[in-house]
Amino acid sequence: MTWLFSVIAVSIVVSLFRGGRLSNISEIHARGWWLLFLGFGMQITANFVPGDNRELAVWLLLLSYLPLLVVVVVNQRMPGMWISGIGVLMNFTVIALNNGMPVLPQAIELAGGNAAMALDAKHVLLDGSSHLPFLADIIPLPRSVISLGDVLLAVGIGVFVEDQLHQPLRLFRHRVQGLPGSAGDPRGEA
């Protein structure tokens with residue numbers, strides 16, 4: 001999960017170098033954004049499920065994608081959302097077909113981890129019987145292994161954040177509505 005926060009931080013820095021405004025962070029408006037906390041919270045909770053209760057961890061993981069998909073659907077017209085949605089669907093599919101996220105043992109070693117990383121409740125070892133192995137956790141990062149779905153999720157979030165920081169300055173903050181023509185009424189009446 002720390003890689004996701006790194007993506008957001010890099011997106012903010014890139015946007016600022018390209019002329020974005022940090023003040024626009026307070027103006028980001030995504031419907032159902034609170035569902036992100038629910039979905040990611042369920043994924044974090046799945047990390048703490050004991051290894052002997054694997055079925056609960058996998059169900060938590062699968063159910064965590066539902067609120068994430070809802071956020072994507074209700075904000076589908078915003079830049080980057082459909083890319084994130086594809087990533088979420090990729091992860092959901094591979095986990096559902098394999099009863100856990102397959103992870104490549106060699107990628108774990110390259111990431112500096114050990115076999116215990118693959119033996120937690122939500123992961124399974126990638127082997128010849130794994131379905132859709134190209135969607136598994138096969139990309140090593142320092143202390144983490146991610147999937148192609150994770151990459152697309154990160155790219156989508158990065159595009160969204162970068163776009164939101166480049167929005168033009170809003171004259172009326174917090175979506176305050178004025179009466180049409182009230183500013184130009186010579187009599188001072190609204």
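**Pocket lining**

I started with the lining of the largest pocket in this predicted model, and found that helix α6 gives the largest share, six residues. Helices here are DSSP runs of H or I with at least four residues, strands are runs of E with at least two, and both are numbered from the N terminus. I noted that α1 (2–17), α2 (34–47), α3 (54–74), α4 (81–98) and α6 (148–165) each supply at least two lining residues.

I then listed the 27 residues that line the largest pocket, and marked I8, W33, L36, F40 and I157 as those nearest its centre. For the term itself: on a 1 Å grid over the protein atoms alone, a pocket is an open set of points where a 1.4 Å probe fits, with protein on both sides within 12 Å along at least five of seven lines, and a lining residue has an atom within 4 Å of a point. The volume I wrote down for the largest pocket is about 820 Å³. That volume is the space filled by probe spheres set on the points, with grid points joined across faces, edges and corners.

Which classes make up the lining of the largest pocket? I counted 23 nonpolar, four polar and no charged residues. The nonpolar class is Ala, Val, Leu, Ile, Met, Phe, Trp, Tyr, Cys and Pro, the charged class is Asp, Glu, Lys and Arg, and the others, Gly among them, are polar.

**Ground rules**

I number residues from 1 along each chain as its sequence is written, and my side-chain values use heavy atoms, with hydrogens and water left out. As the model is predicted, local features need pLDDT of at least 70 and side-chain atom pairs count only at pLDDT 80 or more, while totals for chains, interfaces and linings use all residues.

**Overall layout**

I find six helices and four strands in the protein, running α-α-α-α-β-α-β-β-β-α from the N terminus on. Of the 190 residues, 39% are buried; buried means under 20% relative accessible area, exposed over 50%, and partly exposed in between, with a 1.4 Å probe and protein chains only. The protein exposes about 11,300 Å², and carbon and sulfur atoms supply 67% of that area. The areas come from the Shrake-Rupley method with a 1.4 Å probe, and for residues only the protein chains shown count as cover.

I also looked at contacts, meaning heavy atoms within 4.5 Å. Among contacts between residues at least 6 apart in sequence, 68% join residues at least 24 apart.

**Aromatic pairs**

My search of the whole structure turned up two aromatic pairs. Rings of Phe, Tyr and Trp (its six-membered ring) pair if their centres lie within 6.5 Å, and planes under 30 degrees apart are stacked, over 60 edge-to-face, and the rest tilted. W33 and F37 form an edge-to-face pair, 5.8 Å centre to centre with 80° between the planes. I have W33 as partly exposed at 49% relative accessible area, and F37 as exposed at 60%.

Y65 and F92 also form an edge-to-face pair, with 6.4 Å centre to centre and 80° between the planes. Y65 lies in helix α3 and F92 in helix α4, so this pair ties together parts that are 27 residues apart in sequence. Y65 is buried at 6% relative accessible area, whereas F92 is partly exposed at 29%.

**S15**

Is S15 buried or exposed? I find S15 buried, with a relative accessible area of 0%, in helix α1. Not counting residues up to four places away in sequence, S15 touches G20, E162, L165 and H166. The C-alpha atoms of S15 and L165 are separated by 6.5 Å, though these residues are 150 apart along the chain.

**The loop between β2 and β3**

D137 sits in the loop between β2 (123–125) and β3 (139–141) and is buried at 5% relative accessibility. Leaving aside neighbours within four places in sequence, the contacts of D137 include M101, H123 and D150.

L135 lies in the loop between β2 and β3 too, and is buried at 6%. L135 touches M90, V94, M101, S147 and L148, not counting residues up to four places away.

L132, also in the loop between β2 and β3, is partly exposed at 29%. Its phi is near 50°, a positive value in a residue other than glycine.
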